[in-house]
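Trainee: I would like to learn how to read a few features of a protein model, going slowly and with the general idea before each case. Could you guide me through this one?

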Amino acid sequence: MSELDLRLPAWVERVPAWLDGQPTTRLIFIFRAIGCAYARRLDGGCTMCGFAEMSTKGERVPPEDLVAQLDSVLDAPGALDGVGEVDLYNSGSFFADQEIPPEVRAHVLGRLGRSTVRRVLVEARPEHVKAHDLAAARAALGDRELEVGIGLESADDHVREVLIHKGFGRADFERAARVLGEAGARLLAYLIIKPPGLSEAEAVEDAVASARYVFEVAARTRVRARAAYQPTFVARGALVEREFQAGRYQPPSLWSVVAIVRRAHASGELTVGLSDEGLEPHRLPSGCAACTPRLRAALAEYNRTRELGALEGLACACAGAGACE
Ligand code: SF4
Ligand SMILES: [Zn+2]
(Lines give C-alpha, C1' and ligand atoms only; values in the text may rest on other atoms or scores of the structure.)
(Ligands and ions follow the chains in the order given, each with its own letter.)
Protein backbone atom coordinates (compact mmCIF):
# COMPACT_ATOMS: atom_id res chain seq x y z
CA MET A 1 0.00 0.00 0.00
CA SER A 2 1.14 3.51 -0.68
CA GLU A 3 1.84 5.92 2.16
CA LEU A 4 0.33 8.75 0.17
CA ASP A 5 -2.85 10.34 1.46
CA LEU A 6 -5.21 9.36 -1.35
CA ARG A 7 -7.75 11.97 -0.28
CA LEU A 8 -5.38 14.79 -1.26
CA PRO A 9 -4.48 15.75 -4.84
CA ALA A 10 -1.00 15.31 -6.27
CA TRP A 11 -0.68 18.97 -7.17
CA VAL A 12 -2.65 22.22 -7.06
CA GLU A 13 -1.44 25.49 -8.51
CA ARG A 14 -2.98 28.80 -9.54
CA VAL A 15 -1.26 30.59 -12.40
CA PRO A 16 -2.04 33.83 -14.25
CA ALA A 17 -3.50 33.07 -17.67
CA TRP A 18 -5.36 34.54 -20.58
CA LEU A 19 -8.74 33.37 -21.78
CA ASP A 20 -10.27 34.91 -24.89
CA GLY A 21 -7.89 37.86 -24.58
CA GLN A 22 -8.84 38.57 -20.95
CA PRO A 23 -6.56 38.07 -17.94
CA THR A 24 -7.75 35.34 -15.65
CA THR A 25 -6.47 32.67 -13.28
CA ARG A 26 -5.97 29.07 -14.27
CA LEU A 27 -6.38 26.47 -11.55
CA ILE A 28 -4.21 23.45 -12.28
CA PHE A 29 -5.39 20.37 -10.42
CA ILE A 30 -3.68 16.98 -10.67
CA PHE A 31 -5.54 14.00 -9.25
CA ARG A 32 -3.52 11.42 -7.34
CA ALA A 33 -4.90 8.62 -9.50
CA ILE A 34 -3.96 5.17 -10.76
CA GLY A 35 -2.24 6.64 -13.84
CA CYS A 36 -2.25 5.94 -17.54
CA ALA A 37 -3.46 2.46 -18.50
CA TYR A 38 -1.35 2.62 -21.68
CA ALA A 39 1.78 3.36 -19.63
CA ARG A 40 1.10 0.29 -17.49
CA ARG A 41 0.73 -2.07 -20.46
CA LEU A 42 3.71 -4.35 -20.99
CA ASP A 43 4.05 -3.12 -24.56
CA GLY A 44 2.95 0.44 -23.76
CA GLY A 45 4.28 3.72 -22.42
CA CYS A 46 5.53 6.81 -24.23
CA THR A 47 9.26 7.38 -24.16
CA MET A 48 8.88 11.01 -23.08
CA CYS A 49 6.36 10.42 -20.30
CA GLY A 50 7.19 11.63 -16.81
CA PHE A 51 3.63 11.62 -15.52
CA ALA A 52 3.86 8.41 -13.50
CA GLU A 53 5.54 10.35 -10.67
CA MET A 54 2.24 12.09 -9.93
CA SER A 55 0.21 8.86 -9.97
CA THR A 56 -0.04 5.96 -7.52
CA LYS A 57 1.75 3.85 -10.17
CA GLY A 58 -1.04 1.37 -10.55
CA GLU A 59 -2.57 1.35 -7.09
CA ARG A 60 -6.33 1.73 -7.36
CA VAL A 61 -7.77 4.90 -5.79
CA PRO A 62 -11.36 4.51 -4.49
CA PRO A 63 -13.86 6.79 -6.29
CA GLU A 64 -14.80 8.50 -3.02
CA ASP A 65 -11.15 9.43 -2.48
CA LEU A 66 -10.89 10.95 -5.96
CA VAL A 67 -14.00 12.99 -5.18
CA ALA A 68 -12.51 14.00 -1.82
CA GLN A 69 -9.34 15.20 -3.58
CA LEU A 70 -11.24 17.76 -5.62
CA ASP A 71 -13.59 18.68 -2.79
CA SER A 72 -10.60 19.36 -0.51
CA VAL A 73 -9.71 22.21 -2.86
CA LEU A 74 -13.12 23.46 -3.92
CA ASP A 75 -14.56 23.46 -0.40
CA ALA A 76 -12.11 26.17 0.68
CA PRO A 77 -13.78 29.59 0.81
CA GLY A 78 -13.18 31.57 -2.38
CA ALA A 79 -11.47 28.58 -4.03
CA LEU A 80 -12.62 29.63 -7.49
CA ASP A 81 -12.57 33.39 -7.05
CA GLY A 82 -11.18 34.87 -10.25
CA VAL A 83 -10.60 31.44 -11.79
CA GLY A 84 -11.67 31.37 -15.44
CA GLU A 85 -10.19 27.99 -16.35
CA VAL A 86 -9.75 24.74 -14.45
CA ASP A 87 -7.34 22.13 -15.78
CA LEU A 88 -8.04 18.65 -14.44
CA TYR A 89 -5.14 16.27 -15.00
CA ASN A 90 -4.91 12.67 -13.89
CA SER A 91 -1.58 11.51 -15.38
CA GLY A 92 -3.55 9.63 -17.99
CA SER A 93 -6.98 9.82 -19.61
CA PHE A 94 -9.82 11.60 -17.83
CA PHE A 95 -12.37 9.63 -19.87
CA ALA A 96 -10.90 6.19 -19.15
CA ASP A 97 -13.35 4.57 -16.74
CA GLN A 98 -10.63 2.55 -15.00
CA GLU A 99 -8.63 5.76 -14.38
CA ILE A 100 -11.42 8.22 -13.45
CA PRO A 101 -14.75 6.38 -12.93
CA PRO A 102 -17.89 7.91 -14.48
CA GLU A 103 -19.39 8.83 -11.09
CA VAL A 104 -16.24 10.81 -10.24
CA ARG A 105 -16.40 12.63 -13.56
CA ALA A 106 -20.08 13.43 -12.96
CA HIS A 107 -19.32 14.84 -9.51
CA VAL A 108 -16.35 17.03 -10.43
CA LEU A 109 -17.84 18.34 -13.67
CA GLY A 110 -21.18 18.93 -11.94
CA ARG A 111 -19.45 21.08 -9.32
CA LEU A 112 -17.60 23.07 -11.95
CA GLY A 113 -20.82 23.35 -13.96
CA ARG A 114 -22.37 25.22 -11.04
CA SER A 115 -19.38 27.57 -10.70
CA THR A 116 -18.29 30.74 -12.50
CA VAL A 117 -15.49 28.91 -14.33
CA ARG A 118 -15.64 29.42 -18.11
CA ARG A 119 -13.46 26.60 -19.42
CA VAL A 120 -12.54 23.12 -18.19
CA LEU A 121 -9.58 21.30 -19.72
CA VAL A 122 -9.03 17.56 -19.38
CA GLU A 123 -6.76 15.13 -21.23
CA ALA A 124 -7.43 11.83 -22.96
CA ARG A 125 -5.88 9.42 -25.39
CA PRO A 126 -7.99 9.08 -28.56
CA GLU A 127 -9.30 5.61 -27.67
CA HIS A 128 -11.02 7.15 -24.63
CA VAL A 129 -12.78 9.93 -26.54
CA LYS A 130 -16.37 8.66 -26.87
CA ALA A 131 -19.58 10.46 -27.79
CA HIS A 132 -21.52 9.16 -24.82
CA ASP A 133 -18.98 10.36 -22.23
CA LEU A 134 -18.59 13.73 -23.93
CA ALA A 135 -22.35 14.24 -23.97
CA ALA A 136 -22.48 13.51 -20.22
CA ALA A 137 -19.58 15.89 -19.57
CA ARG A 138 -21.08 18.66 -21.66
CA ALA A 139 -24.44 18.26 -19.90
CA ALA A 140 -22.74 18.48 -16.48
CA LEU A 141 -20.81 21.59 -17.49
CA GLY A 142 -23.75 23.53 -18.91
CA ASP A 143 -22.52 26.39 -21.07
CA ARG A 144 -18.91 26.16 -19.88
CA GLU A 145 -16.39 25.16 -22.53
CA LEU A 146 -14.99 21.66 -22.45
CA GLU A 147 -11.53 21.31 -23.97
CA VAL A 148 -9.89 17.93 -24.38
CA GLY A 149 -6.11 17.73 -24.69
CA ILE A 150 -4.68 14.94 -26.84
CA GLY A 151 -0.94 14.28 -27.01
CA LEU A 152 -0.60 13.85 -30.75
CA GLU A 153 3.07 14.94 -30.44
CA SER A 154 3.71 14.78 -34.18
CA ALA A 155 1.85 14.31 -37.43
CA ASP A 156 4.72 12.13 -38.61
CA ASP A 157 4.15 8.41 -38.04
CA HIS A 158 7.84 7.64 -37.50
CA VAL A 159 8.24 10.37 -34.90
CA ARG A 160 5.02 9.51 -33.09
CA GLU A 161 5.12 5.72 -33.25
CA VAL A 162 8.83 4.91 -33.26
CA LEU A 163 10.57 7.80 -31.49
CA ILE A 164 7.79 8.45 -28.96
CA HIS A 165 6.03 5.07 -28.95
CA LYS A 166 2.69 6.82 -28.67
CA GLY A 167 0.61 3.81 -29.58
CA PHE A 168 -1.97 5.52 -31.76
CA GLY A 169 -2.13 6.65 -35.35
CA ARG A 170 -3.45 9.59 -37.32
CA ALA A 171 -6.74 7.80 -38.01
CA ASP A 172 -7.32 7.46 -34.25
CA PHE A 173 -6.56 11.15 -33.74
CA GLU A 174 -8.85 12.18 -36.58
CA ARG A 175 -11.69 10.05 -35.26
CA ALA A 176 -11.32 11.64 -31.81
CA ALA A 177 -11.27 15.12 -33.36
CA ARG A 178 -14.50 14.36 -35.20
CA VAL A 179 -16.19 13.06 -32.03
CA LEU A 180 -15.09 16.18 -30.12
CA GLY A 181 -16.43 18.44 -32.85
CA GLU A 182 -19.76 16.64 -32.96
CA ALA A 183 -20.05 16.93 -29.16
CA GLY A 184 -19.33 20.68 -29.24
CA ALA A 185 -16.09 20.22 -27.29
CA ARG A 186 -12.75 21.82 -28.15
CA LEU A 187 -9.52 20.07 -29.10
CA LEU A 188 -6.10 20.93 -27.68
CA ALA A 189 -3.39 19.06 -29.56
CA TYR A 190 -0.02 18.81 -27.84
CA LEU A 191 2.93 18.84 -30.23
CA ILE A 192 6.44 17.99 -29.15
CA ILE A 193 9.45 20.01 -30.28
CA LYS A 194 12.61 17.95 -30.76
CA PRO A 195 12.17 14.50 -29.30
CA PRO A 196 15.46 12.54 -29.15
CA GLY A 197 16.17 11.17 -32.61
CA LEU A 198 15.55 14.39 -34.53
CA SER A 199 18.17 16.97 -35.42
CA GLU A 200 17.45 20.61 -34.71
CA ALA A 201 16.52 21.26 -38.35
CA GLU A 202 14.36 18.13 -38.59
CA ALA A 203 12.58 19.13 -35.37
CA VAL A 204 11.66 22.52 -36.83
CA GLU A 205 10.21 20.97 -39.98
CA ASP A 206 8.35 18.34 -37.96
CA ALA A 207 6.77 20.89 -35.61
CA VAL A 208 5.67 23.22 -38.40
CA ALA A 209 4.17 20.37 -40.42
CA SER A 210 2.42 18.97 -37.35
CA ALA A 211 0.61 22.24 -36.59
CA ARG A 212 -0.51 22.49 -40.20
CA TYR A 213 -1.85 18.95 -39.98
CA VAL A 214 -3.74 19.64 -36.73
CA PHE A 215 -5.57 22.62 -38.19
CA GLU A 216 -6.26 20.84 -41.45
CA VAL A 217 -7.88 18.02 -39.44
CA ALA A 218 -9.74 20.55 -37.29
CA ALA A 219 -11.22 22.23 -40.36
CA ARG A 220 -12.16 18.89 -41.88
CA THR A 221 -13.75 17.53 -38.71
CA ARG A 222 -15.27 20.88 -37.68
CA VAL A 223 -13.74 21.06 -34.25
CA ARG A 224 -12.48 24.25 -32.63
CA ALA A 225 -8.82 23.61 -31.95
CA ARG A 226 -5.61 24.93 -30.46
CA ALA A 227 -2.16 23.44 -30.72
CA ALA A 228 0.22 23.59 -27.76
CA TYR A 229 3.90 23.22 -28.56
CA GLN A 230 5.91 21.45 -25.88
CA PRO A 231 9.63 22.11 -26.37
CA THR A 232 11.44 19.14 -24.87
CA PHE A 233 13.27 19.63 -21.59
CA VAL A 234 15.38 17.10 -19.76
CA ALA A 235 13.36 16.00 -16.74
CA ARG A 236 15.03 13.98 -14.02
CA GLY A 237 14.35 10.30 -14.43
CA ALA A 238 12.93 10.62 -17.95
CA LEU A 239 14.38 8.40 -20.68
CA VAL A 240 15.70 11.48 -22.43
CA GLU A 241 17.99 12.13 -19.45
CA ARG A 242 20.14 9.15 -20.38
CA GLU A 243 20.66 10.47 -23.90
CA PHE A 244 21.39 13.93 -22.53
CA GLN A 245 23.95 12.69 -20.03
CA ALA A 246 25.66 10.63 -22.73
CA GLY A 247 26.03 13.80 -24.79
CA ARG A 248 23.70 12.53 -27.50
CA TYR A 249 20.85 14.97 -26.88
CA GLN A 250 20.41 18.72 -26.46
CA PRO A 251 17.04 20.41 -25.83
CA PRO A 252 15.88 22.61 -28.71
CA SER A 253 17.22 26.13 -29.14
CA LEU A 254 14.68 28.82 -28.26
CA TRP A 255 15.59 30.33 -31.64
CA SER A 256 14.19 27.19 -33.23
CA VAL A 257 11.03 27.56 -31.17
CA VAL A 258 10.65 31.15 -32.35
CA ALA A 259 11.24 30.06 -35.96
CA ILE A 260 8.58 27.35 -35.63
CA VAL A 261 5.99 29.75 -34.22
CA ARG A 262 6.68 32.30 -36.96
CA ARG A 263 6.14 29.69 -39.64
CA ALA A 264 3.16 27.93 -38.06
CA HIS A 265 1.39 31.04 -36.79
CA ALA A 266 -0.91 31.36 -39.79
CA SER A 267 -2.14 27.77 -39.38
CA GLY A 268 -4.25 28.40 -36.26
CA GLU A 269 -4.23 29.19 -32.55
CA LEU A 270 -0.89 28.24 -30.99
CA THR A 271 0.61 28.33 -27.54
CA VAL A 272 4.12 27.47 -26.43
CA GLY A 273 4.82 25.57 -23.22
CA LEU A 274 7.37 27.49 -21.17
CA SER A 275 7.33 25.48 -17.98
CA ASP A 276 10.78 25.14 -16.45
CA GLU A 277 9.76 22.49 -13.88
CA GLY A 278 12.41 23.94 -11.57
CA LEU A 279 15.19 22.42 -13.72
CA GLU A 280 18.68 23.82 -14.21
CA PRO A 281 18.97 26.08 -17.30
CA HIS A 282 21.10 23.65 -19.33
CA ARG A 283 18.24 21.10 -19.22
CA LEU A 284 15.82 23.60 -20.78
CA PRO A 285 15.25 24.99 -24.27
CA SER A 286 17.39 28.11 -24.36
CA GLY A 287 19.47 30.58 -26.34
CA CYS A 288 22.64 31.99 -24.83
CA ALA A 289 22.81 33.66 -21.42
CA ALA A 290 22.16 37.05 -23.02
CA CYS A 291 19.09 36.24 -25.10
CA THR A 292 17.35 33.43 -23.19
CA PRO A 293 15.38 35.78 -20.90
CA ARG A 294 14.33 37.93 -23.88
CA LEU A 295 13.26 34.91 -25.93
CA ARG A 296 11.24 33.47 -23.07
CA ALA A 297 9.57 36.83 -22.46
CA ALA A 298 8.79 37.21 -26.18
CA LEU A 299 7.21 33.75 -26.33
CA ALA A 300 5.19 34.46 -23.18
CA GLU A 301 3.98 37.67 -24.82
CA TYR A 302 3.07 35.67 -27.93
CA ASN A 303 1.03 33.28 -25.76
CA ARG A 304 -0.79 36.26 -24.29
CA THR A 305 -1.44 38.28 -27.44
CA ARG A 306 -1.38 35.62 -30.19
CA GLU A 307 0.36 38.30 -32.31
CA LEU A 308 3.53 37.70 -34.30
CA GLY A 309 4.60 41.23 -33.38
CA ALA A 310 5.64 39.78 -30.02
CA LEU A 311 8.45 37.95 -31.85
CA GLU A 312 9.70 40.89 -33.91
CA GLY A 313 13.05 42.61 -33.40
CA LEU A 314 14.72 39.66 -31.69
CA ALA A 315 18.41 39.33 -32.42
CA CYS A 316 21.51 37.89 -30.81
CA ALA A 317 24.97 36.87 -31.90
CA CYS A 318 24.12 33.29 -30.96
CA ALA A 319 21.13 33.06 -33.31
CA GLY A 320 22.17 30.77 -36.11
CA ALA A 321 24.69 28.83 -34.03
CA GLY A 322 22.89 25.53 -34.13
CA ALA A 323 19.58 27.29 -34.47
CA CYS A 324 17.46 27.69 -37.54
CA GLU A 325 17.35 31.45 -37.98
S1 SF4 B 1 -0.38 8.51 -23.16
FE2 SF4 B 1 0.23 10.27 -21.91
S3 SF4 B 1 0.19 9.55 -19.78
FE4 SF4 B 1 0.11 7.73 -21.10
S5 SF4 B 1 2.26 7.05 -21.31
FE6 SF4 B 1 1.84 8.43 -23.05
S7 SF4 B 1 2.42 10.52 -22.36
FE8 SF4 B 1 2.27 9.18 -20.53
ZN1 LIG C 1 21.92 34.58 -27.65
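Trainee: Is serine 55 buried or exposed?

Mentor: A residue is called buried when its relative accessible area is under 20%, exposed when it is over 50%, and partly exposed in between, using a 1.4 Å probe and protein chains only. Serine 55 has a relative accessible area of 7%, so it counts as buried. Before we go on, note that this is a predicted model, in which local features need pLDDT of at least 70 and side-chain atom pairs count only at pLDDT 80 or more, while totals for chains, interfaces and linings use all residues. Residues are numbered from 1 along each chain as its sequence is written, chains are lettered from A and ligands numbered from 1 in the order in which they are written, and side-chain values use heavy atoms, with hydrogens and water left out.

Trainee: Where is serine 55 found, and which residues does serine 55 touch?

Mentor: Helices are DSSP runs of H or I with at least four residues, strands are runs of E with at least two, and both are numbered from the N terminus. Serine 55 sits in the loop between helix H1 (37-40) and helix H2 (63-74). Contact means heavy atoms within 4.5 Å, and, leaving aside residues up to four places away in sequence, serine 55 touches Arg32, Ala33, Ile34, Gly35 and Ser91. Its side chain also reaches the backbone oxygen of alanine 52 at 2.8 Å and the backbone nitrogen of lysine 57 at 2.9 Å.

Trainee: How many salt bridges does the count come to?

Mentor: Side chains of opposite charge can pair when their charged atoms come close. A salt bridge is a side-chain nitrogen of Lys or Arg within 4 Å of a carboxyl oxygen of Asp or Glu, and by this rule the count comes to 32. In one of them, glutamate 145 meets arginine 119 at 2.8 Å, N to O; glutamate 145 belongs to strand E5 (residues 145-153) and arginine 119 to strand E4 (residues 119-123), 26 residues apart.

Trainee: Which other salt bridge does arginine 119 form?

Mentor: The side chain of arginine 119 also meets that of glutamate 147, at 3.6 Å, N to O. Because arginine 119 lies in strand E4 and glutamate 147 in strand E5, the pair ties together parts that are 28 residues apart in sequence. Arginine 119 is buried at 4% relative accessible area, and glutamate 147 is buried at 0%.

Terms used. A polar contact is a pair of N or O atoms within 3.5 Å; within protein, one must be able to donate a hydrogen and the other to accept it, and residues adjacent in sequence count only if both atoms are side-chain atoms.
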